[in-house]
Amino acid sequence: MFEPLPQYPDHLALEEDILAWWDAERVFDRLRERNAGGPPFSFIDGPITANNPMGAHHCWGRTLKDVFQRYKALHGHELRYQNGFDCQGLWVEVGVERELGLNSKREIEEYGIAEFAERCKERVAKYAEIITDQCRRLGMWMDWDNDYYTFSDTNIEYIWGFLKECHSRGWLYMGHRSVEWCPRCGTSLSQHELINSYAELTHPSLFVRFPLKERKGESLVVWTTTPWTLPANVAAAVNPGAEYGLTENGEWWAVERKPDAAFTKRVRGHELVGLEYDGPFDALPAQANVVHRVIPWEEVDLSEGTGIVHIAPGCGAEDFELSRVHDLPVLTPIDEAGRFYESYGEFEGRSTEDVAGPVTVELERRGLLVQAVSVEHRYPICWRCSTPLVFRIADDWLIRADEIRPQMLEANAAVDWTPDFYSKRMDDWLRNMGDWNISRRRYFGLPLPFYPCDSCGQLTVVGSLAELRERATGGLEQLQELHRPWIDDVPIRCDCGEELRRVPEVGDAWLDAGIVPFSTLGWQNPKWKEGGYATGAAAGLTGADLPDHAYWEKWYPAHWISEMREQIRLWFYSQSFMSVTLTGKSPYRSVLTYEKLLDENGREMHRSWGNSIDAAEALENIGADVIRFMFCEQVPSQNLKFGYGPAAEIRRRLLTYWNSVKFFVDYANVGDFDPGPDAPGELQPLDRWLLERTEQLVADITDAYERYWTPGVMRAFDSFVDDLSNWYIRRSRRRFWNGDEVALWTLWHALVRSVQVVSPVMPFLAEFLWHRLQTDDAPDSVFLVTWPETRARDQELLAEVAEVRRIVELGRQARGDAGIKLQQPLRRLVVQGAGVAQPHVDEIAAELRVKEVEFGDVDATEVRVKPNLPVLGPKLGKELGAVRSALEAGEFEQLDDGGVRVNGHDLGPEEVLVERRAREGWALASDDALTVAMTMDLDEELRREGRVYELIHRVNTMRKDAGLELTDRIRLTLPADDSDLLEHVDWIKEEVLATDVSADGGSEPQIAKA
């Protein structure tokens, strides 16, 4: 006996049951034990930040990772299954600051850097555990006791080694430049952190006069959306080739910006270069001795503003570069917290936002304000705390990229990207990337191992903990881990003899993630160290070993990795940079990337909008399998609309598959069917087709998995379920009623195979159904069964039935368009264009309920032609009316090119609108290759048969509603008005399992259990 299925699946309950069963039966452990020593499949997990519970968007990547690892394991591959947690950097720091109510770096230092670091580690430990539970609930199989944590001392040491290598190549340098700066976090950002980190913000928009010296009554007019930068102005830039004009009230503008103005004088921009002007805030101490002048700049944009740009080198990257070209003074108005220095007078201590008002008031008081309005524009924000960014002069540590760029491009050329056009996206990023800004002025992060010497000018880069211990002059006894503040208290000895202190900066978090192909695999480690990765802050959180170099050679590079598309400029980039530096090749062979998760209406998800769904909510209310189905069905290059509506639609679609299994189980139990390895008798043609169709499913799905293309997996599965349910089961229903064991075996075989191949996508449902379908000699888990081998298929048979199905679908479409129900039999069907379906005449007739099927030309259409008025009107003029009348009357000749000849005019296909429709009395439908037409004339015989079909459908629904078993017999009583249907009494009895049918009842049919 097969365990019966309930009417509807309870996805949430069965998933919890399967999770518990997997644990109790050690299924994952047994799978790993079975595959140990098999061909390796190397996957490296991009670390998820252990700073908050997962959002629904995290489930997309986690699903894809699990799907392909499960698939490879079913092929016998050995996998590592190592999960990763990103553990340090601003994401974690900002989370802890909010927990503690801290709002600035000063407050962190008052709280204590050591205590702050402990809180960061506690937060990571807390959310790593929560994320682990959520991933388990999603069905993700990983080696959860041996995760890698990027804040481990081992990980940090490997990054130190990379940085030492960069220094030895002359790539490492201290840059003095204007950088994007987060005043809340008190640190700069790197180029790859800025892309897509923008918001629509409203800022003041000021037009300001700069009075020219020695030209009384004349002023330059500049425009700015950052009023806070005006106190640091040192120059004004004009486009040397553009035309500028002096208005009647003495204002210089680019002529292109005031095309309707009356100018008293016009000059080219280069004629204004060198003019000096009074700065807007010359009275400030910071402006002492600054000579403001006009400079040339060919990049001045004439599409907005005034065509004259205010230049403040301390407040903008382009401005800073201009200061180098034109030897301009550089004024830095704000500190790390974005507040003005003392030398800026009344603005001292105020933030950049706070000074906008006072700046505007002061300009207006002195008659320098032309106009003050507001502008909404895209403005960069901090990707961690969403604070609007400012530009600030800073000294940052950078790695030069010029030398490694061509090597990274060459390495990327060997990578297979899915979708493939993302390869070009990576190339574009690599070609345009700047030097890598690796330093952050923060606390809980990778401590940069840089020790500059003021005496000899040498920079010492420590490459390992062993080197640190060798060079240290003290502080080792308190060095509990490689983090601030402990590392700050370990001075070292310079080669010149001086004692050196480490720079205070920490590193870019993408260094932490980029090194994992080396730190987790034991690159250049001579001896395996048990627990060797569980060092420093990671001690006690993981049992991960530090493997030896032979292990690294086995698992590097990764066969496959997967993350969101934005990781092209982040993790994919940092991995590539570090790996090409250390080994000269890419750390991954194949990449699958995907887009963003939106709500079901296509809007981005935000908690403040009330449309955000986190992972816990989705798993609790939707279920893991439905979520995974949704993600796997999505074409990864398109944003996914996620929500309860799409989830309900997937549950509805899955019900067809569920019902197919339930149908088999119910009828197998009625007949006491026990499947063996082979069919218990001779296969009928439809059985042979289903076996071939099942082999086609295995081949199609295997191909899609091999291409890392889950949409292909889901399309193949959907198509198969449709064929299984709506063709094989429906066409074989009478055989099941009669307990045909060959039909039962064929259906069982198809269901078992389909469960196997869809199991990586829907592991819970697949395991549940496997338990219902498995035989005594089968493995107890679908994940302990080897992947089915593909074989050659009978393509001729598959093509025949595929064409039959297309004919049937077109026939149903024609019926629907004509408003004729399927229950109503028709007399005649004509099929045009069929190639291989002709041997299946009986099936086509039965499916479409027609008495006769003919193959040949369809002569059931009429052509209507109308003039394409926008084209023919100008061409025919007054003759248009006569042509239109002739076309309406059908007085035209069709031409070979698709046009027509009418009233002496040859009209091309673009000049007429041709409509083909069924002639009266016919129903018609067609596609690119096939046309079907059915006669709609009904005689009394056809009408009576139609009423019988409706009766059978109605009575079987009554049986179901009454809760009758499949084998229960009934007595059926029909209304007296339906006595003519007794002409088909044997047919009715067979279809509804009636022992007796009479027609002496009331107004409605009645059933009673016999």
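Student: Hey, where does Asn 289 lie?
Tutor: Asn 289 is in the loop between strand 11 (263–268) and strand 12 (293–296). Helices (H or I, at least four residues) and strands (E, at least two) are runs assigned by DSSP, numbered from the N terminus.

Student: Anything I should know about the model and the numbering?
Tutor: This is a predicted model, so local features need pLDDT of at least 70 and side-chain atom pairs count only at pLDDT 80 or more, while totals for chains, interfaces and linings use all residues. Residues are numbered from 1 along each chain as its sequence is written, and side-chain values use heavy atoms, leaving out hydrogens and water.

Student: Back to Asn 289: what is its phi?
Tutor: Phi of Asn 289 is positive, about 70 degrees, although Asn 289 is not a glycine.

Student: And is Asn 289 buried or exposed?
Tutor: Asn 289 is exposed, because its relative accessible area is 81%. The cut-offs are under 20% relative accessible area for buried, over 50% for exposed, and partly exposed in between (1.4 Å probe, protein chains only).

Student: What about the phi of Glu 214?
Tutor: Glu 214 is a residue other than glycine with a positive phi, near 65 degrees. Its place is in the loop between strand 6 (198–211) and strand 7 (219–224), and Glu 214 is exposed at 85% relative accessible area.

Student: Ok, zooming out. How many helices and strands are in the protein?
Tutor: The protein has 31 helices and 39 strands. Its C-alpha atoms fill a box of roughly 115 × 90 × 50 Å along the principal axes, and of its 1010 residues, 56% count as buried.

Student: How much accessible surface does the protein have?
Tutor: About 42500 Å², of which 45% belongs to carbon and sulfur atoms. That area comes from the Shrake-Rupley method with a 1.4 Å probe; for residues, only the protein chains shown count as cover.

Student: Which residues touch the most other members in the largest nonpolar core?
Tutor: Leu 468, Phe 642 and Phe 664 do, in a core of 227 residues. A nonpolar core is a set of buried Ala, Val, Leu, Ile, Met, Phe, Trp, Tyr and Cys residues joined through side-chain atoms within 4.5 Å. Apart from that one lies another core, of 52 residues, among them Val 208 and Phe 340.

Student: What does Leu 468 touch?
Tutor: Not counting residues up to four places away in sequence, the neighbours of Leu 468 include Trp 160, Tyr 451 and Ile 492. Contact here means heavy atoms within 4.5 Å.

Student: Is Asp 508 buried or exposed?
Tutor: Asp 508 counts as buried, because its relative accessibility is 1%. The side chain of Asp 508 makes a polar contact with the side chain of Trp 436 (2.9 Å). A polar contact is a pair of N or O atoms within 3.5 Å; within protein, one must be able to donate a hydrogen and the other to accept it, and residues adjacent in sequence count only if both atoms are side-chain atoms.

Student: How far apart are Cys 166 and Thr 581?
Tutor: They are 415 residues apart in sequence and 7.8 Å apart in space, C-alpha to C-alpha. Cys 166 is found in helix 7 (residues 153–168), and Cys 166 counts as buried at 0% relative accessibility.

Student: What span should helix 26 have?
Tutor: Helix 26 (residues 795–818) has 24 residues and should span 34 Å at 1.5 Å a residue; its end C-alpha atoms are 34 Å apart, which agrees. The expected span is 1.5 Å times one less than the number of residues. Just after helix 26, Gly 819 takes a positive phi of about 75 degrees.

Student: Last one: in what order do the strands of the open sheet come?
Tutor: The 3 strands are in the order 1-2-3, and the pairing is parallel. Strand 1 (48–49) and strand 3 (148–149) stand at the edges with a single partner strand each, so one side of each is left without a neighbour in the sheet. Two strands pair if DSSP finds at least two bridges between them, and 2 bridges join strand 1 to strand 2 (residues 84–86).
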